[in-house]
Amino acid sequence: MSPKGKTARLLVGVLLLVLASFTFSTCGGTGIDLAGGGVSGTGVSTGAIASFGSVEMNGVHYLTDSNTIKMSHGDDHSFELDQAVFRVGMVVTIHHGPNDNNALEIEYRDNLQGFIAAKNSGADNTLTVLGQTVVVDNAALFTNLNLNELVEVSGFVDSAGRIRATYIERNPQSPHHGGEIEVKGFVSGLSSSGFRLGPLPDGTGTTVAVSFVGAGLANGMYVQVVTTGTQPVSGVITAMRIEQLSPRTVFPEKSRVDLEGLVTAPPSSSGTIVSFAVEGKQVGTDNSTQFPVGTTVADIRTDMRVQVQGTENSGVLSAARIIFR
């Protein structure tokens, strides 16, 4: 595979905190109970890349070798070095061996790629890109971004349906982008003339109208909308092409999962058996769920960054351990 040309990139990466009770080794061992089993016989871990020397995410160094499949923007980059394909801050999904940290496949897909239509400072520094709100926590980065500048964004979704950027690339021009403008999200309000698109599966929070006439769509479906328009016109994106994708919060039944994200729905019910959501993914706790020392389920708050380790059960992630990030 031919090497990709260098591009101007500006990274937003925040090193993940590792609890003192966890240890890891780049030689294959880890103190974290890694996911295993499931339909595919592998674990599934998703979160933001913290560093390299292998690929570190959620406090674990996932080991890569010549057999690791590396996917970026839907393209296979397996024969390239980790740092040539991925960047610190990118939110990725890693399939790894049963109960180990040997990466079988690493997949990266951005949240969106488009032009900055608006910048708003205030309680949060935000950008508007293709009708979506992007929160930029790094003030220096926010200042240096320009209106009408092309950016690629990766990050976590908050309870308002905003994208909290962990990675921003300015003026992406490498071949895997193909010059396309695109945004990903969940379909809601489907009609004969189009639908609304937003980052949360129930259609709440920030959404944008998409004009599209065609079959095969359904409310709740996760899709990529490709458009030639640099901005929505009168609040509407005209779709040139739509592709159905699998969201990073959907896992094989009975698989063991390690999910990092923001709490988008607060705990309901009471006591130790509660239900809450991470990026719209339902998470359930019970009497055996472990929390950091000195904390309980009562410490879970909306928009808190958490890591949930557990098992997929009929669309619910049954939490064995919750870590506050």
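# Salt bridges, hairpins and positive phi values

The count comes to 13 salt bridges, a salt bridge being a side-chain nitrogen of Lys or Arg within 4 Å of a carboxyl oxygen of Asp or Glu. This is a predicted model, in which local features need pLDDT of at least 70 and side-chain atom pairs count only at pLDDT 80 or more, while totals for chains, interfaces and linings use all residues. Residues are numbered from 1 along each chain as its sequence is written, and side-chain values use heavy atoms, with hydrogens and water left out.

Helices (H or I, at least four residues) and strands (E, at least two) are DSSP runs, numbered from the N terminus. Buried means under 20% relative accessible area, exposed over 50%, and partly exposed in between (1.4 Å probe, protein chains only).

- Side chains of opposite charge can pair when their charged atoms come close.
- Arginine 170 and glutamate 149 form a salt bridge at 2.8 Å, N to O. The pair links distant parts of the chain, 21 residues apart. Arginine 170 sits in strand S12 (residues 163-170), and glutamate 149 in the loop between helix H2 (139-144) and strand S11 (150-157). Both residues are buried.
- Aspartate 158 and arginine 164 meet at 3.4 Å, N to O, in another salt bridge. Both are buried.
- Glutamate 279 and arginine 248 meet in a salt bridge at 3.1 Å, N to O. Glutamate 279 lies in the loop between S20 and S21, arginine 248 in the loop between strand S18 (241-244) and S19, 31 residues apart. Both are buried.
- Salt bridges with shared partners join Asp124, Asp137, Asp158, Arg162 and Arg164 into one network.

- Two strands pair if DSSP finds at least two bridges between them.
- Strand S19 (residues 256-268) pairs with strand S20 (residues 275-278) in the antiparallel sense, over 3 bridges. Serine 268 has serine 275 in S20 as its bridge partner.
- S20 also pairs with strand S21 (residues 281-284), antiparallel, over 4 bridges. Alanine 277 has glutamine 282 in S21 as its bridge partner.
- The hairpin of S20 and S21 has 2 residues between the strands. There, glutamate 279 takes a positive phi near 50°.

**Positive phi in loops**

- Serine 54 is not a glycine, yet its phi is positive, near 75°. Serine 54 lies in the loop between strand S1 (43-52) and strand S2 (55-57). Serine 54 counts as buried because its relative accessibility is 13%.
- Leucine 130, also not a glycine, has a positive phi of about 50°. Leucine 130 lies in the loop between strand S9 (126-129) and strand S10 (132-135). With a relative accessible area of 0%, leucine 130 is buried.
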